[in-house]
Amino acid sequence: MLVYFELQEANFAILCVTFILIKESKIIEDMSSSPQLVCVNDYEKKAIGILDANARGYYQSGADDEQTLHDNVADFKKWRIRPKMMVDVSRVNLQTSLLGSNIAFPICIAPTASHKLAHPQGEIASALAARAMDTCFVLSTLATTSAQSLAESVPNSLKWYQLYITKNRNIAKEMVKRAETYGYKALVLTVDTPLLGTRRADVRNRYRLPPHLRMENFDGISALSTELNAKKKGSGLSIFTHEFFDQSVTWADIAWLKSITSLPVVVKGVLTAEDAEHAISAGVAAIIVSNHGARQLDGVSSTIMALSEVVRQVGGRVEVYVDGGVRTGTDILKALALGARAVFLGRPVLYALAVSGEQGVRDILTMLARELKLAMQLSGQTDVNDLSKDLVVHESRIARL
Ligand SMILES: Cc1cc2nc3c(=O)[nH]c(=O)nc-3n(C[C@H](O)[C@H](O)[C@H](O)COP(=O)(O)O)c2cc1C
């Protein structure tokens, strides 16, 4: 009997090791479906040629002069890596967890509106890619696919639901109820959007969803003026936000949100130590350092610059993630070294979706995981959970080391 159990255990161990090896090799071998697309920026260039002006302007733009949009990408390059040599990097662990849920690598999909502008399968294609790669997908309140149909099309996957607090609290309340019913594992409350930042391309294009698409999460809860005030000038989304989002929300409203849900609340849009402290006092489960892809207040810090301040203040009390400008494996290595547990991707997913749907999103996740793994091996690191701040130095300090 004992021998039988030992044999069973050995078999189980072999199965586990095989599974891990298959996953590892999948990351290495699962190259992009096109030999011409070898990095995330290649997808952006290709997508720009595919998308129409309305979608392109909406996806690409940042707020106002786009200073922060530029900095989100450029500031990653100001952090330099201090590699360790002669380390055994024959085995590297990329696996980690988000609020207790395991993911294959610390690269997740941020909530972005309107995936169906990029591809007819929209959010479902992105979530299928996230499931295939064993990572987390966050569905936007403003998605063109409802929480229900996404959950039915992509069961058995790690999904979070992004929420805005609406003037009519019944709308937010019903969305929370649906997120719980359909198996979403956390609520991501975006705190940087009482109103929409000015995205000039959207003002010029009078950005609207085309008539065949809807913000489906509002179905059955609220009658949206579907043509979003078509006669009015400017961005339709900006008019909508002004009408629907509650501009009076404060940190005290997290207590209200926690009173209507048992799901953990993750706040997205924190950039300072003070707000990190407010968030923790309000009882959040995690913080996403984010400036909304530089689409809200131009002139705020890039997220990689803001990250250290927030991580220092949080001091390990809750998980901290970051998004904004992540485009390469070395960007991810730097974010993790500076204390983020995971990074989230916004535009890269939309561009990959425009280029080749679910496969495109799989490709960029694979690409970034592979780049992260190589960056770790070349810098003498073996576990994403063990990266520390001494792995990076800001370029302004190098001469003083
Ligand atoms: C087209 C677009 C739509 C977005 N929609 C939302 C949204 O509905 N809710 C939200 O919290 N953030 C939204 N964001 C912000 C993203 O969640 C994320 O913070 C940002 O895109 C990260 O920066 P990156 O695009 O440089 O990766 C959006 C961003 C873009 C580019």
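## Histidine 292

Let's start with histidine 292, which is buried in this predicted model. You'll find histidine 292 in the loop between β9 (286–289) and α12 (303–314). The UniProt annotation "active site", from an unreviewed entry, covers His292.

What does histidine 292 touch, once residues up to four places away in sequence are left out? The list runs to Tyr164, Thr190, Asp192, Thr193, Arg199 and Lys268. With aspartate 192 there is also a polar contact, side chain to side chain, at 2.8 Å.

## Glutamine 162 in strand β6

Next stop is strand β6, residues 159–163, where glutamine 162 sits. Glutamine 162 has a relative accessibility of 2%, so it counts as buried. Its side chain makes a polar contact of 3.4 Å with the side chain of serine 140.

Setting aside neighbours within four places in sequence, glutamine 162 is in contact with Pro111, Val138, Leu139, Ser140, Thr141, Val188 and Thr190. Thr190 also turns up among the residues that histidine 292 touches. As for alanine 186, it is 24 residues from glutamine 162 in sequence, and the two C-alpha atoms are 8.4 Å apart in space.

## Aromatic pairs around tryptophan 160

How many aromatic pairs does the structure hold? There are 11. One of them joins tryptophan 160 and tyrosine 321 in a tilted arrangement, with 6.1 Å from centre to centre and 45° between the planes. This pair links distant parts of the chain: tryptophan 160 belongs to strand β6, tyrosine 321 belongs to strand β10 (residues 319–323), and they are 161 residues apart. Tryptophan 160 is buried at 1% relative accessibility, and tyrosine 321 is buried at 0%.

Tryptophan 160 also forms a tilted aromatic pair with phenylalanine 344, at 6.3 Å centre to centre and 35° between the planes. Here too the pair links distant parts of the chain, from tryptophan 160 in strand β6 to phenylalanine 344 in strand β11 (residues 342–345), 184 residues apart. Phenylalanine 344 has a relative accessible area of 1%, so it is buried as well.

Elsewhere, ring pairs tie Tyr164, Phe218, Phe240, Phe244 and Phe245 into a cluster.

Lysine 159 has its charged end over the ring of tyrosine 184, 5.8 Å from the ring's centre. Arginine 169 does likewise with tryptophan 256, its charged end sitting over that ring at 4.7 Å from the centre.

## Threonine 144

Threonine 144 lies in the loop between β5 (137–139) and α6 (147–153). Is threonine 144 buried or exposed? With 1% relative accessibility, it counts as buried.

The side chain of threonine 144 reaches the backbone nitrogen of histidine 115 at 3.4 Å. Not counting residues up to four places away in sequence, threonine 144 touches Ser114, His115, Lys116, Glu123, Leu209, Leu213, Arg214 and Glu216.

In helix α3 (residues 53–60), the buried residues are Asn54, Ala55, Gly57, Tyr58 and Tyr59. What covers them includes three other helices: α8 (200–205), α9 (236–244) and α14 (347–378). At the start of α3, aspartate 52 uses a side-chain oxygen to come within 3.2 Å of the backbone nitrogen of asparagine 54.

Helix α13, residues 329–337, is mostly covered, with eight of its nine residues buried. Those eight are Gly329, Asp331, Ile332, Leu333, Lys334, Ala335, Leu336 and Ala337. Just after α13 comes glycine 339, which takes a positive phi of about 115°.

## Domains

Stepping back to the whole chain, the domain assignment gives domain 1 (1–30) and domain 2 (35–386). How far apart do the C-alpha centres of domain 1 and domain 2 lie? The distance is 34 Å.

Terms used
Residues numbered from 1 in each chain as written. Predicted model: local features only at pLDDT ≥ 70, side-chain atom pairs only at ≥ 80, totals over all residues. Heavy atoms only, no water. UniProt positions renumbered as here; feature names shortened; annotations may be inferred. Helix = DSSP H or I, 4+ residues; strand = E, 2+ residues; numbered from the N terminus. Buried < 20%, exposed > 50% of the residue type's maximum accessible area, 1.4 Å probe, protein only. Contact = heavy atoms within 4.5 Å. Polar contact = N/O pair within 3.5 Å; in protein donor to acceptor, adjacent residues only side chain to side chain. Domains from an automatic or database assignment. Phe/Tyr/Trp six-rings, centres within 6.5 Å; stacked < 30°, edge-to-face > 60°. Lys NZ or Arg CZ within 6 Å of the ring centre and 35° of its normal.
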